[in-house]
Structure formats: C-alpha cells, structure tokens
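I am keeping these notes as I look things up, beginning with a pocket and then turning to a helix.

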Amino acid sequence: MHGVLGGAIVIRVLFVHDTCLLRSALAALLDRENDLDVMTAPWRTAAHSARSLRPDVCMVDADCPGSAALGTPAAPTELSALLVLASASKPGLLRRASRARAMGYVNKDAPAEGLPRAIRHVAAGKRFVDNSLGFDFLQAADLPLTPRELSVLSLAAEGASVAEIASHLHLSNGTVRNYMAAITRKTGARNRVDAIRISQGAGWL
C-alpha cells in the first residue's frame, strides 16, 4: 500500500542488489524524487525485508547471482510489483523475470532519468518495457533447455562431477551423461565447458 507524506502519495521501493555501494548510490539518486521512498537489501535478506517493509515495488538486478531465486518462494516479490533491471543481449534473464511475473523491465544501459517513470508505471499496476529490450524479449522465448537440463548444467557450472550431479538429482550417471550430451547439442557447444560458457553468456544460468 502506498504511503502518504504531507498529503502526497509516496511509493515505497525495495531495491535488491548484492553490492552495497551500488545499492546506496541508486537509492540516493531515487530518493531525490519526492514521491519515492527507497529502501535496500542484499539478496540473502531480500525476502525477509520485503515481508517486513511491504514495498509497493520490488526492484531487482537480474544480473546478480541471487536473482536465480526469482520465481521461487525465496524471492522478495510475493507482496509487491516486480521491476527488473536487466542487461541487453541476455534473453535468459528476461525469460526468468517473465516467469516470475515481472511488471517492468529496464535496460541497465539506459539513462537513469527514466527509472523513476518505470517505477511509477509499475506501482500503478501498468506494464513497463524499455524499448531497447524489445529484441531481447523476442529471444527470451528461445531457451532451448528443459528445466531438468538447466539443473544439470547449473551443477556442472559449479564444478560438480557427473557422479555428484547424479547423486544430487537422484539420477544415474548414464542419465546425467545423456543430459549433458543433449545440452551440448541444443546449445551448439563443442563440449561441456563451452555449453556452460554459452548458457552463462545468454543469461540462462
């Protein structure tokens, strides 16, 4: 619910980012707007902060490692509208945000002056999409991997062996190898390392 200050409606914003300096800098910039009340949190405490602060808009950086929680119970967006800051040319991140039912998408390379407008749109229940992300939205539907294949590849990216992946996902070693072969084929990679590089570059991991 919006707050009220001196008769004016104030939009409560929770900005989630893992880097303290960037959180503070962007919060200071947005706090110049009379109708925005900006709070910040790292990803590890974001869900708790969202429940206690009850912001109108939860703004997250999709490039942070913690953003993998988007769309899960650990995400800080259950009580507020979701606005995602994303890099162009990483359609996988946009796909993840779309699955988390994000209302707004802002290109991190766009001028900062446009961010308050995006926040106001989302707070009002309106969808906001940065024009420069249009092509990337089209690509976001092209994720070639299944959720199970992504799970296998995510563990491989963390350095897990075939046996460790099999144990973690309750699969046989042969099944994991079959998944890795399918992942390599679908991503057009040369090998497992190349598949990880391609998937991370697209923002799928």
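Which residues lie nearest the centre of the second largest pocket? I found Phe15, Leu26, Leu85, Lys108 and Leu115 there, among the 14 residues that line this pocket. I note that this is a predicted model, in which local features need pLDDT of at least 70 and side-chain atom pairs count only at pLDDT 80 or more, while totals for chains, interfaces and linings use all residues. Residues are numbered from 1 along each chain as its sequence is written, and side-chain values use heavy atoms, with hydrogens and water left out.

A pocket here is an open set of points, on a 1 Å grid over the protein atoms alone, where a 1.4 Å probe fits, with protein on both sides within 12 Å along at least five of seven lines; lining residues have an atom within 4 Å of a point.

I looked up the elements next, and α1 (20–30) and β6 (104–107) each give two or more residues to the lining of the second largest pocket. The largest share, three residues, comes from α1. By class, I read 10 nonpolar, two polar and two charged residues in this lining.

I then turned to helix α7 (residues 162–169), where Ile165, Ala166 and Leu169 are buried (under 20% relative accessible area, with a 1.4 Å probe and protein chains only). Seen down the axis of α7, these buried residues fall within an arc of 100°, so they line one face of the helix. On the face turned away from the buried side, I found Ser167 and His168 exposed (over 50%).

Just after α7, I noted that His170 takes a positive phi of about 60°.

Methods: Helices (H or I, at least four residues) and strands (E, at least two) are DSSP runs, numbered from the N terminus. Ala, Val, Leu, Ile, Met, Phe, Trp, Tyr, Cys and Pro count as nonpolar, Asp, Glu, Lys and Arg as charged, and the others, Gly among them, as polar. The arc is that of the directions from the helix axis to the C-beta atoms.
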